[in-house]
Number of protein chains: 2
Amino acid sequence: MTFCGVINIMEIPRGLRTYIYEQSARKRWVEERLLNVFFRWGFQEIITPAFEYLDTFSAGLALSKAEGINGESSDSTGSLYSTVSLNRVFKFTERGTGRLLALRPDITPQIARTAATLLKDSPMPLRLCYCGNVFRGADPGTGESQEVYQAGVELIGLDSAEADAETIAIAVECMKELGLKGFKVAIGQIEFFKGMLSDIEPDMRGEISLRIHKKDTSGLEDILQRGKIRAEKRERIKKIPSLFGGREVIDMGRETADNPLSLGAIDNLERVYRTLVSYGVEDSVLIDLGEIRGFGYYTGIIFEGFIKGIGSEICGGGRYDNLLERYGAKMTATGFAVDINRVIEALEKRGEAEALPCTTDYLVIDFREDKKIALEVSRRLREKGCRVARDIIKRGLEGSLQYAEKMNIKRAIIMGTEDLGEDEAVVREISTGEEKRVRIEEL
Amino acid sequence: MTFCGVINIMEIPRGLRTYIYEQSARKRWVEERLLNVFFRWGFQEIITPAFEYLDTFSAGLALSKAEGINGESSDSTGSLYSTVSLNRVFKFTERGTGRLLALRPDITPQIARTAATLLKDSPMPLRLCYCGNVFRGADPGTGESQEVYQAGVELIGLDSAEADAETIAIAVECMKELGLKGFKVAIGQIEFFKGMLSDIEPDMRGEISLRIHKKDTSGLEDILQRGKIRAEKRERIKKIPSLFGGREVIDMGRETADNPLSLGAIDNLERVYRTLVSYGVEDSVLIDLGEIRGFGYYTGIIFEGFIKGIGSEICGGGRYDNLLERYGAKMTATGFAVDINRVIEALEKRGEAEALPCTTDYLVIDFREDKKIALEVSRRLREKGCRVARDIIKRGLEGSLQYAEKMNIKRAIIMGTEDLGEDEAVVREISTGEEKRVRIEEL
């Protein structure tokens, strides 16, 4: 094998990651916490395959593009919303048939497919949750992840403010469970925006949406002028990016609305907000009527969760009442997903990740030929739930203790040295060097 | 959308599976049990990407083919051994570069790559474990899984019988932890077989191996006759398929061996066996010197675990001292993987899966407009760790109780009916219909 060959096989594609030691422990810890919250709210896990027929996904993707506001640009935000474009999906062919398969760019269409098939005779609502990876091709140089880990819920079969409020309350509880302070969830209602644009020329809607999405008020003014929108309407649309804040935004939105769709959206938002007050989570809630991502996919309440100090949203979701229909089941649905890596990033930034358990408790070092006692001690400690590695390389005490230190093992149990009796051992704290002589049977 | 389109997007490719309700609960339960065993033995999790450059995998696959005994046919056994052929790997191209990517057919080469890169300065041994899915293209009609869930360990950097014995002891403990009785692990030593064939024409080795693998003794006799192997050697080779049983097989193997490599293999096997006796797991151990799968990949001890009543092996592994070298790190290694689905199958066959927790504890039904009390009760129960779904569809008591029954929810908490006081609730066992009136504050 050439040297070049060695380099090749050791290289990992961009946007992918291998998790070792505390990285994997953190990831597992976060995922377990999230699933525990979902389970406690009566959700049950669904595990879907990593790939399926491309058609299954393109049905959902087509939907998200149907009224697409800004095409590709909605992808590059790395949004949790299901607005991945088809050309970012990894495709390959099925053995024997040549049919196109795709790595899942999103789990929600798979759950929609399952709700419409395996679960079609189930009573409503369905409370389903998931935890898995999704795949999105990234261009060189963007630094984007190509494998994103997500956990989320879908509440299917219920078109009510209570259902939307439940998913938002779960999102808040997730962040509390993870110990992430400074969490805010910004809630919008996509129908408000759709209503506001309903009497605008379809050709102009995309441009207007893009400016509002970017909070580009001067660009917005230009377009509205060019489009010869009447002054009163212009003023209303220009207000949208500023409809952000606490409960008062509901009233501001109602004043801004000039059509039944937008007014209905505000009423719906108010009902959801009231339920969230009952849940006691209003301190974590903001209202953002200028939030318009996932325009084609979502049909009502939308929301995004942020943590102070983390630039991108940590979770996001909303109501998508038209997706399941694509799979032959006319069911309403609402849900959200958490970005696992952004959670880990938030924990690490705040130094809160340090407290996570991720090391081995004991290294058992026995210098005797017969390892019976070492095996017995290891077995007993494991039965108590301890994490125990045996030192099975011969290298002298110094070498073994260095190994324990480098591997971040908490304590060493030393047996079979000359100064110890047959039934004695020394327990050594690796970080401090503190030692305690004990009887082996006490271990 | 045409009707045909609806059919297409609801179809799932062959050999893939969606896990719902108790299926996903069982899968998660099994994975958690296995990881807990690995952690207790001082192993730390490593999480590798679902795809990488094809080159990374083909380095490992090339190795497994290098001395390949039966090429394609070793695949069709669905073995846990790393003998997946390159044409069963799902391939696709990297965006922007066109380089070939592959869905991982095996996690071990990824761990080898990580040991040789991220972990190359780590002290030895490395104790790494994993839990994930691997992908193997299957031909139509074979019924084979295309996505296989595995959990396993790799013990890297130590070429000793103790290391091999440790991984085998872990495999036995895994099955105990899962409550799977009747588990037997069959241990072989591939060098024994390599030694026995060392003075046979290379051209004939493949045919002989295939017959031994299939325990086809008459076919084996034919080939040995045709190959004009001398009578004494013929008798020795013909014995190999019968070298299966308890400790006595070690002595039988020593008598059969006629070369230093095979004799060394027997000595090594004896040391591993003795260590397994120290571990107290000899009752679960068989010796099988006729086990020759993974011929090119493995370099010493190999083993497979079986459960009574399940046709295929439930776990398998062994020593692979040449793999890491391919990635530029000359390190020895031993490990094994458990097939999660076969574990689930074994649990289900024995009815042992029934006891697994997988249902929601309470459905909270409140007929009052103001849901404050229902939310408060739900919150309190969740804080205690209970799984609580709120009934948020209006459908009357009968409908709600039917929902609870169909969704396998254990109990209903009913509040706000006419015959109940403000501070009262009824707790109803769904399976028996038994009811108890309680004060809400007691819940």
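Modeller: Two strands pair if DSSP finds at least two bridges between them, a strand being a DSSP run (E, at least two residues) numbered from the N terminus. This is a predicted model, in which local features need pLDDT of at least 70. Residues are numbered from 1 along each chain as its sequence is written.

Biologist: How many strands does the secondary structure of chain A contain?

Modeller: The secondary structure of chain A has both kinds of element, with helices (H or I, at least four residues) numbering 15.

Biologist: Which are the edge strands of the open sheet in chain A?

Modeller: In chain A, 9 strands form an open sheet with mixed pairing, in the order β1-β5-β6-β12-β11-β10-β7-β9-β8.

Biologist: Which residue of β9(A) is the bridge partner of Gly245(A)?

Modeller: Strand β8(A) is joined by 2 bridges to β9 of chain A, which spans residues 285-288, and the two strands run antiparallel. Across to β9(A), the bridge partner of Gly245(A) is Ile287(A).

Biologist: Among contacts in chain A between residues at least 6 apart in sequence, what percentage join residues at least 24 apart?

Modeller: The C-alpha atoms of chain A fill a box of roughly 95 × 55 × 50 Å along the principal axes, and 62% of its 443 residues count as buried (under 20% relative accessible area, with a 1.4 Å probe and protein chains only). For contacts (heavy atoms within 4.5 Å) between residues of chain A at least 6 apart in sequence, the share that join residues at least 24 apart is 68%.

Notes: Chains are lettered from A and ligands numbered from 1 in the order in which they are written. This is a predicted model: local features need pLDDT of at least 70, side-chain atom pairs count only at pLDDT 80 or more; totals for chains, interfaces and linings use all residues. Side-chain values use heavy atoms; hydrogens and water are left out. Buried means under 20% relative accessible area, exposed over 50%, partly exposed in between (1.4 Å probe, protein chains only).
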